[in-house]
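This report describes the fold of a single protein chain and the surroundings of selected residues. Please consult the sequence and the model alongside the text.

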Amino acid sequence: MRQKTDIQIKNKRASFDYEFLERYVAGIQLFGTEIKSIRAGKASLVDTFCSFINGELWVRNMHISEYAFGTYNNHEVRRERKLLLTKKELKKLQRASEDTGVTIVPIRVFFNEKGFAKMEIALAKGKKQYDKRQSLREKDDKREMDRMRKIN
C-alpha cells in the first residue's frame, strides 16, 4: 500500500494571471525517474501550459529535475507529458479552449490517497491589468484585516 505524501507543487503565478472558470484533476503519464524526482519535490510549473495534439491533452514545458540516482535511463527535463482525462472531459475542454481568450493552465501537482501523481488543471481566462491590480488590493486588504484581528 502506498502512502499519501504532502508534496504539492503549485503554479502561484497562474492565479494572478488568470481567472479560473472550471477545474479538473488529471492523471499524468510519467517515467519512474520522474515520479521519484516529484516525490523529492524537484519539479516546477513555471511557464507551463497545456495544448491539444491529435485530440489528446499534453502538458508542455513542465520542469522535472533529473533524478539524482538515475543512470543512463534518466528522463528529459522538459519533455511533453500526456494528461489522462475521460473522453467527455477532453471533448469539453477542447471545445472550450477553442474560444478566444480561454486557455488551459496547470495549477498544481499532488499525490492522491493511492499515491498516484495527479495534476489539477483549470480552464482559464486571462486577467486584464486592472483585474491584477484589484487582486493585489484585495490581498493587501485581507492581510491588513488579519493583522488588525491579531492585535485586538
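Predicted model: local features only at pLDDT ≥ 70, side-chain atom pairs only at ≥ 80, totals over all residues.

Residues are numbered from 1 along each chain as its sequence is written, and side-chain values use heavy atoms, with hydrogens and water left out.

**Overall architecture**

The chain contains four helices and nine strands; these are DSSP runs numbered from the N terminus, with helices (H or I) of at least four residues and strands (E) of at least two. Their order along the sequence is β-α-β-α-β-β-β-β-β-α-β-β-α. The C-alpha trace spans about 55 × 40 × 25 Å along its principal axes. Of the 152 residues, 33% are buried, where buried denotes under 20% relative accessible area, exposed over 50%, and partly exposed the range in between (1.4 Å probe, protein chains only). Contact denotes heavy atoms within 4.5 Å. Among contacts between residues at least 6 apart in sequence, 67% join residues at least 24 apart.

The chain exposes about 10,400 Å², of which carbon and sulfur atoms supply 49%; accessible areas come from the Shrake-Rupley method with a 1.4 Å probe, and for residues only the protein chains shown count as cover. There are 34 positive and 21 negative side chains, and the centres of the two sets lie 3 Å apart. In this count Lys and Arg are positive and Asp and Glu negative, whereas His and the chain ends are not counted. Each charge is placed at NZ of Lys, CZ of Arg, CG of Asp or CD of Glu.

**Strand pairing**

Two strands are said to pair if DSSP finds at least two bridges between them.

| Strands | Sense | Bridges |
|---|---|---|
| E2 (residues 18-28) and E9 (residues 117-126) | antiparallel | nine |
| E2 and E7 (residues 81-84) | antiparallel | two |
| E8 and E9 | antiparallel | nine |

Gly27 stands opposite Leu84 in E7.

**Helix H3**

Which residues of H3 (residues 87-97) are buried? They are Leu90, Leu93 and Ala96. Seen down the helix axis, the buried residues fall within an arc of 135 degrees, so they line one face of H3; the arc is that of the directions from the helix axis to the C-beta atoms. The face turned away from this buried side carries the exposed residues Lys87, Lys88, Lys91 and Arg95. The cover over the buried residues of H3 includes E2, E4 (49-53), E5 (56-60), E8 (102-111) and E9.

Lys132 lies in helix H4 (residues 129-151) and counts as buried because its relative accessibility is 17%. Leaving aside neighbours within four places in sequence, Lys132 is in contact with Phe16, Asp17 and Lys127. Asp17 belongs to helix H1 (residues 12-17) and is also buried, with a relative accessible area of 19%. With the corresponding neighbours within four places set aside, Asp17 is in contact with Gly126, Lys127 and Lys132.
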